[in-house]
Structure formats: C-alpha cells, structure tokens
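Here is a short briefing to read with the structure open beside you.

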Amino acid sequence: AVIKEFLENNVDLIHSYSTPATIEAHKQTKTIPIVFGSMGDPLASGVVKSLSSSGTNVTGISSLSVDLTAKRLEFLIELFTSIKKVAIPFTVTDIPGSKSVEVAKESALKLGVTIIPYPITAERGVKETAAVITKKDVDGMIVSADSAVWANLTSYIDQAKKENIPFAVFDKDMVEKGGLIGYGPDYFAVGKQAAILANKILNGAKPEDLPIESPNKLILAVNLKTAKENNFFIPDKFLSKVDLVIK
C-alpha cells in the first residue's frame, strides 16, 4: 500500500530497507529507480541480474547479512569452545533466512558443531518459535538474515537470557537490545552510501549500470551487561578486537 502511494505521487526514486520491502517495490515498478539500503541477498531475491551491474531498476548496498552468518558462528565458537549445537531461527519462505541456514551448515562442518534449524511456519509463528529454543536442545544461537526474526528480536534475546544461551546477532543495534555479540554494518555509514547512490541516479546515472555495493564499515560489538547477567566470560583477547563495548 505504501509503494502504491509512492507511485500515485509520481516519485522520482524509491529508497527501501529490507528484502521484503525491496522485493515488493520491484514487483510494483520496473521503471522508477529503487535504491535499497539493506538486502540480505539481492541476487538470490531476484531484484538484480548481477552484482557487478544491476541490470534492473534496482541497486543499493547489500547488508551482507547472509554472508556474515559464518562470522557470527565463528565468533560464537571462539568465545565458547564447548558449544556443540547451535540454533538458527528462520522463516521458511524468507530467501535470505533460508540462505543463512545453508551458510551456517557449511561453516559448522569446518568448526565441528551442529546447526539446529528452527523453522518459522504458518503453524508456528515467530514468537512461538523463540519459546521452543531451550538449553536442553542447544547450547548456542545465531540470528539468521531474516526480517521477521529481526522484527521480533526481543523475543529471541529474552529467551536466550532465560535459557542461558549465548546469542550471536547481527549489527550493533541488536547488541544494544541485549544480544551478546554482533558483527554487521554501521547503518549510519550505509545511509551515506545509499545517499551517494541516489544522488548519482538523480543526476542521470542509470541504476542498471551501477554495481551492488558492500558496506564500507563493519562493527564487532559485545554487550558486557548481557555477559554479566548470564555469567558469560569475555576474555581480554576478544575484547581487544571489539569495536564497540556496551556496558
């Protein structure tokens, strides 16, 4: 409905955040330029034909949320070497979420751990899925590149704290909400990148000719308050490479 309103107002450009919003915008217009500030996997989502040059009316900055799934798992195992089973909640119909599970499983083989997927379905919703992730089944959890999970992240953070499960999330905002550790883009910097892309297009560049960009800045964050609440030890060696410490 929002995008329809944009089209009725004859906008010159649409700026979107998240995979669902960008996919819907692309469904409704193949002519108005769309610049996204965050997508987990723009190529797999079908809104662009290539990462080197979009080939469509859509361009923007990939969030790397799918690609960084492996790093989330690596950081978690680095901190907690005893972890053997790691939960990953995802929506079965969400393209980046499903891809995250594939990436996690591939990385888990190298790290010697097992990924336990927790699918969100029509029968079991997002919050209901959070409630079934317990210490008796897993000893760690990572977030997937799933917009629905992100929108209900508090449910997963609360469950992780309740069950004493270390939870590796995505960006610093998720860590500030209570996730233990996170590695993802600085979205303030991404906003500047998106503005530069929009400016190029409004000055005559064609989105189909522009490459899909990666974030210029990634932040490793840790929440020491969450660590203290759950008696998780964060060694100085790990803290020395952290960009942001939340106390």
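Two strands count as paired if DSSP finds at least two bridges between them. With that in hand, please keep in mind that this is a predicted model. Its three strands form an open sheet in the order E1-E2-E3, with parallel pairing.

**The sheet**
- Strand E1 (14-16) and strand E3 (58-60) are the edge strands, each pairing on one side only.
- On average, neighbouring strands of the sheet are turned by 25° against each other, direction ignored.
- Strand E2 (residues 34-36) runs parallel to E3, and three bridges join the two.

- Helix H9 (residues 187-202) lies across E1, E2 and E3, and runs at about 165° to E2.

**Two loop residues with positive phi**
- Most residues other than glycine have a negative phi.
- Asn 10, in the loop between helix H1 (2-8) and E1, has a positive phi near 55°. Is Asn 10 buried or exposed? Asn 10 counts as exposed because its relative accessibility is 62%, and the cut-off for exposed is over 50%.
- Ser 18 sits in the loop between E1 and H2, and its phi is also positive, near 90°. With a relative accessible area of 24%, Ser 18 is partly exposed.

Conventions
Residues are numbered from 1 along each chain as its sequence is written. This is a predicted model: local features need pLDDT of at least 70, side-chain atom pairs count only at pLDDT 80 or more; totals for chains, interfaces and linings use all residues. Side-chain values use heavy atoms; hydrogens and water are left out. Helices (H or I, at least four residues) and strands (E, at least two) are DSSP runs, numbered from the N terminus. Axes are lines fitted to C-alpha atoms, for helices over the stretch in contact, and angles run from 0 to 180 degrees between N-to-C directions. Contact means heavy atoms within 4.5 Å. Buried means under 20% relative accessible area, exposed over 50%, partly exposed in between (1.4 Å probe, protein chains only).
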